[in-house]
Amino acid sequence: MTQGKILNNRRMALLLFFLCWAIYFTSYLGKRNFSAAMAELISTGFLDKTLAGFINTIFFLCYGAGQFINGILADRLSPSRLIFAGLVLSASTNLGMGLTNTPYPMPFLWAVNGYALSMLWAPILRLFSDLLEGERKVNFTVNLATSMAAGGLCSYLLSALMIYISGWRWAFFAAAILLFLTAAVWLWMFPLILASACDRKAADTVKEHTPSNSSIPLPTLLLSFSVIMIAIPVIVQGMLRDGVSSWVPTYITESFSILPTFSVLVSTLLPFVTLSGPYLAYFINRKYLHNETATSSLLFLIASLSLGCLSLFGKNSLFGCILFLCIITTAIEGVNVMTVSLIPLKYGHLGRTATMSGFFNFLTYVGAALSTFGTGIIAQHTGWQAVILTWFFFSCLAEVVCLLAKRGAPCKITEEQTSPNE
């Protein structure tokens, strides 16, 4: 177990970070490869569009639900074993996707893959909470976000290369091989890292790392005022984070009558720009506001202003439209790291870091599902202007709720023992 341990060795702490970074990077290779191979699967007649859409939908349903379930499990079981199990299970399902000769097992396999990949984030955050302290813990959590953008891009590149060389099956085989290798490296290296950790002082162990599950039941915690107030902005950032990014190619294509390939290129480059969001948010929080919900409120304000400008001026200029979209998604990426990554760390002394991370991740995907589905309906029946105004309304709502949460002391249940600058 990792509780009661502290990783003071800088080299081993860095090794832990790079291993976790590699794990989450590799998880994206086994997550986005279906989307990358979907066009080839449809064009060859192996899948039709309806079944392909169903496979994607069931993946995200299992992934979102799994975040909550595995968040709870990661606070009760060994996080390192959960990570290993998730990698091996994801590798196995990717292998199965490549081996199947009919499309019918694919929904089941990809649903299992969704659950398997949900076994990674919350356990990683639990390890950071248990083994690291202060700025190192926060810095590692913020820097981990780069693995998502890098993994997403490399997944498309690797899948495209495999499809070009050997066909769509190797898009899954290649991911499976890399996931198996990552699992083997984790199984080999993590015990060495843990062996280098030393025992915390008894007083610190009791104060910061002894679970209090018996004194604060999970339903009581989830229904507390502070968690409810954070939950609303988390859902909204999920709506904007995935809703905006999912519909950017279609919005640009229909608004400016340009080739879809150009719109897809813009969407591919967008993550590189928005990668600055977590660092911008962390800088503002550490240097000026010292409060995650206050920082989130400011970032929602920036997103709201940009959505307002997009509504008023976006159709006049393609460059202006792309600029506003970049600002919006950058701000929301900052909100994501504040709410889904940093705030859960404040529940460490309750033994609930992984639980809260999983819960907030689950809410993020609830918001994403609502937005992805709702945006299509609104765009089809009333147009893109109505979509942008809807996004604007929810961004303003989240901004106000964050301000109220700040005044109502977010994470009040933990702040007696955890400062905002932890």
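Me: How are H4 and H9 oriented to each other, roughly parallel or roughly antiparallel?

Reply: This is a predicted model, in which local features need pLDDT of at least 70 and side-chain atom pairs count only at pLDDT 80 or more, while totals for chains, interfaces and linings use all residues. Residues are numbered from 1 along each chain as its sequence is written, and side-chain values use heavy atoms, leaving out hydrogens and water. The axes of helix H4 (residues 79–99) and H9 cross at roughly 160°; axes are lines fitted to C-alpha atoms, for helices over the stretch in contact, with angles from 0 to 180 degrees between N-to-C directions. Angles under 35 degrees count as roughly parallel, over 145 as roughly antiparallel, 65 to 115 as roughly perpendicular and the rest as oblique, so H4 and H9 are roughly antiparallel.

Me: What is the handedness of the crossing of H4 and H9?

Reply: A crossing is left-handed if the near helix is turned anticlockwise from the far one by less than a right angle, and right-handed if clockwise. Helices here are DSSP runs of H or I with at least four residues, numbered from the N terminus. For H4 and H9, the crossing is left-handed.

Me: And which way does H16 pass H17?

Reply: The axes of helix H16 (residues 318–345) and H17 come within 7 Å and cross at roughly 160°. H16 and H17 are therefore roughly antiparallel to each other. As for the handedness, H16 passes H17 in a crossing that is right-handed.

Me: Is Asn 361 buried or exposed?

Reply: Asn 361 is in helix H17. Buried means under 20% relative accessible area, exposed over 50%, and partly exposed in between (1.4 Å probe, protein chains only). Asn 361 has 8% relative accessibility, so Asn 361 is buried.

Me: Which residues is Asn 361 in contact with, leaving aside its neighbours within four places in sequence?

Reply: Contact means heavy atoms within 4.5 Å. With the neighbours within four places in sequence left aside, the contacts of Asn 361 are Gln 67, Trp 121 and Val 340.

Me: How many aromatic pairs are there?

Reply: Rings of Phe, Tyr and Trp (its six-membered ring) pair if their centres lie within 6.5 Å; planes under 30 degrees apart count as stacked, over 60 as edge-to-face and the rest as tilted. By this rule, the number of aromatic pairs is 23.

Me: How many residues apart in sequence are the parts that Phe 60 and Tyr 365 tie together?

Reply: Phe 60 and Tyr 365 form a stacked pair, 6.1 Å centre to centre with 25° between the planes. Phe 60 is partly exposed at 37% relative accessibility, whereas Tyr 365 is buried at 14%. Phe 60 lies in helix H3 (residues 49–74) and Tyr 365 in helix H17, so the parts they tie together are apart in sequence by 305 residues.

Me: What kind of aromatic pair do Trp 110 and Phe 172 form?

Reply: Trp 110 is buried, with a relative accessible area of 0%, and Phe 172 is buried, with a value of 0%. Their rings lie 5.7 Å centre to centre with 85° between the planes, which makes the pair edge-to-face.

Me: Where does the charged end of Arg 286 sit?

Reply: A charge sits over a ring if NZ of Lys or CZ of Arg is within 6 Å of the ring centre and within 35 degrees of the ring normal. The charged end of Arg 286 is 5.4 Å from the centre of the ring it sits over, that of Tyr 282.

Conventions. Helices (H or I, at least four residues) and strands (E, at least two) are DSSP runs, numbered from the N terminus.
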